[in-house]
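Student: I would like to go through the pockets and the sheet of a protein model. How should I read such features?

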Amino acid sequence: MTDLLREANLIGGDWVGADDGGTIDVTNPADGALIGTIPKSGAAETRRAIDAAYAAFPAYAAKTVTERAALLRALAAEITDNADELARILTLEQGKPLAEARGEVLSSAAYIQWFAEEARRTRGEVIPSPWPNRRLMTTKHPVGVVAAITPWNFPSSMLARKIGPALAAGCPVVVKPATATPYSGLAWGVLAERAGFPKGVVNVLTGSARAIAGEIMDNPKVRKVTFTGSTEIGKELLRGAAGTVKKVSMELGGNAPFIVFDDADIDRAIDGAMIAKFRNAGQTCICSNRVYVQAGIYPAFVERLAERAKALKVAPGLEEGAEQGPLVDAPALEKISELVQDAIDKGGKILAGGAPHARGGLFYAPTVIADATPDMRVTQEEIFGPVAPVYRFETEEEVIRMANDTVYGLAAYAYTADLGRAFRLQDGLEYGLIGINEVLIVTPEIPFGGLKESGMGKEGGWQGLDDYLETRYTCLGGL
Ligand code: NAP
C-alpha cells in the first residue's frame, strides 16, 4: 500500500479509526476486488472534527493572504508531483480510464493554483458617503468552518473546488468524501499535511452519510456547507441548513441537452457528442442527457454516432487504451437497464448497445437510442450512464422549448454555424453553463454552477472564492 492510500480519518492532525472500530469495505468497480477498508464514523467523530476546525480557525484566518497562497501553492505542487499515484488510486476506486483520472488530478491542482492566486484579490470597497464626515467601507472575511460533502464521480476535482476556495479564504474544512470513492479524499489529508497546513485546518472523515451530515447540519460551529451530489440529497441538506442558517453551495443534478442544427459542422458535433456523453461512462453531472438533432441531418447523425459508440473500447480503467470503464455499482447498472428498457417499450430504436456489456460485471455497452420521445424516462431523469437518446426536431424555437423543459439547469451544448443563433441560444437556454460548438468548457477561471434545481453558488472563477467570504460593512463616523 502506498503512503497516500490511507484507511483512517484525519481529525485535528491525528489519523484515527472510528470510535467503535467499525469499518466499511471499499471495492474496485472493475472487478469487485477489495481495495481496503475505511472508518465507519458517525456523529461523535464528526463533532470532534468540527471542534478541531473551529479551534484552528482564528490562527488560520489571521494568516496573511501571501502565507495562505503559499500553502495552497505547496498543495498544488504536492498534487502535481504525485499525479501518477493519485490517478491510480482514483481509477482503482472509481473505475474511470487512467488517462481521465490523471486529467482529473491535474485539474484539481489547477483549481488549487487558481485559488492560491485569487486569495490575493479578495478586496472590499470604499463607498462614497451620502453623509458628511463619515467613511463607508466593506471588508471581506472568511465565513468560518466549512463542511464539504462530495460525490463518487469526481472524487478529486470536486474536493479541489471546495477545499481550494475555503482554504484560500481562511476557512478550515471538514470533508466527507463519498463512501464508494473515499481514498482520493483521504489522500488530500496526507497532501495537506505535507504542504504544511496547520493541524485541524484540513479534516477528512468517512462513514455513515446520514450521521455525519446530521451532525454537520445541526452543529452551529459549521458556518457553510458545500455539497456536490444528487438534487434529492441537496434538498435535504438545504432544509437542514435552515436550523442554524448556514451559507450553502449546492452543485446538484443535471439533464444537459446537446443540440445539433442542420448548419453545424457535423464532424465536430459528433466528436463533441462522444465526449459529452461517454466521458466517465456517462457519469458526470454535465454529460449530455438528451441529444436533439435537426431533421435534415438526423439520419446521418444517428448512424455515425452509433458507429462511433460501437467502436469505444470498454475495459477496466487500468487497461491500456480503455475508453469507457465500469459503472460505479450494481444499482447504477440496474437503473440504466431499466431506463433503456423503458425507452424500448416506448418506441426507441437501439442503434448501438442497449444491454450490459459482454465483459459482464458492472460494464454497460455504449448505447445510442434513435427515435427518442418526451414520454421516455430518459427525457426527464438524469441517466448517469453511457446511454444517448436521440430526438428529432424541426425548428430553433421548438428545440429551445424542449431543452428547457426540465427542472434542471446545469449544462447545455449546441452546434451551429449561425452566429445570430448562437447569441439567441445564450439568451434562450436556461442553463448555468453553455457550450456552443464546444463541450470541454470547464476550467478554474470560470464560474461553474447550475440554475433551477441544479443548485446554487459557483465553483471556480472569482465567484468561487467570494462564496466563502462574508461582506462586512463598517461606517466610520465623526471624522
Ligand atoms: P449522492 O448520493 O447525493 O451522494 C453525494 C454525497 O452525499 C456522498 O458523499 C454521499 O455519501 C452523501 N450523502 C448520501 N446521503 C446523504 C444524506 N442523507 N445526507 C447527507 N449526505 C448524504 O450523489 P452521488 O450519487 O454520489 O453523485 C451523483 C450526483 O451528483 C448526480 O446527481 C450528479 O449530477 C451530481 N453531481 C453534480 C455536480 C455538479 O457540479 N452540479 C458534479 C458532480 C456530480 P455516501 O457516499 O456515503 O452515500
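Student: How do the residues of the lining of the largest pocket divide into nonpolar, polar and charged?

Tutor: This is a predicted model. In the lining of the largest pocket, 22 residues are nonpolar, 11 are polar and nine are charged.

Student: How much space lies in the largest pocket, and which residues are the closest to its centre?

Tutor: The space in the largest pocket comes to about 1,100 Å³. It is lined by 42 residues, and the closest to the centre are Trp 152, Phe 227, Gly 229, Ser 230 and Ile 233.

Student: Which helices and strands each supply at least two residues of that lining?

Tutor: Helix H7 (209-218), strand S10 (222-228), helix H8 (231-241) and helix H11 (330-345) each do. H8 gives the most, with seven residues.

Student: What volume does the second largest pocket have, and which residues are the closest to its centre?

Tutor: The second largest pocket has a volume of about 460 Å³. Its lining has 27 residues, of which Ser 107, Phe 154, Arg 279, Leu 440 and Val 442 are the closest to the centre.

Student: Which helix gives the most to the lining of the second largest pocket?

Tutor: H4 does, with six residues. Helix H4 (98-118), helix H5 (157-169) and helix H9 (266-278) each supply at least two residues of this lining. By residue class, the lining of the second largest pocket holds 16 nonpolar, six polar and five charged residues.

Student: Now the sheet. Through what do the strands of a sheet pair?

Tutor: Strands pair through backbone hydrogen bonds, in either a parallel or an antiparallel way. Here seven strands form an open sheet with mixed pairing, in the order S14-S15-S16-S13-S12-S18-S19. Strand S14 (349-352) and strand S19 (433-436) are the edge strands, each pairing on one side only. On average, and with direction ignored, neighbouring strands of this sheet are turned by 20° against each other.

Student: In what sense do S12 and S18 pair, parallel or antiparallel?

Tutor: Strand S12 (residues 256-260) and strand S18 (residues 411-415) pair in the parallel sense, over three bridges. Phe 258 has Tyr 413 in S18 as its bridge partner.

Student: Which strands does helix H13 touch where it packs on the sheet?

Tutor: Helix H13 (residues 396-404) touches S12, strand S13 (288-294) and strand S16 (387-393). The direction of H13 makes about 170° with that of S13.

How values were computed. Residues are numbered from 1 along each chain as its sequence is written. This is a predicted model: local features need pLDDT of at least 70, side-chain atom pairs count only at pLDDT 80 or more; totals for chains, interfaces and linings use all residues. Side-chain values use heavy atoms; hydrogens and water are left out. On a 1 Å grid over the protein atoms alone, a cavity is a set of points where a 1.4 Å probe fits but cannot get out, and a pocket is an open set with protein on both sides within 12 Å along at least five of seven lines; lining residues have an atom within 4 Å of a point. Grid points are joined across faces, edges and corners, and a volume is the space filled by probe spheres set on the points. Helices (H or I, at least four residues) and strands (E, at least two) are DSSP runs, numbered from the N terminus. Ala, Val, Leu, Ile, Met, Phe, Trp, Tyr, Cys and Pro count as nonpolar, Asp, Glu, Lys and Arg as charged, and the others, Gly among them, as polar. Two strands pair if DSSP finds at least two bridges between them. Axes are lines fitted to C-alpha atoms, for helices over the stretch in contact, and angles run from 0 to 180 degrees between N-to-C directions. Contact means heavy atoms within 4.5 Å.
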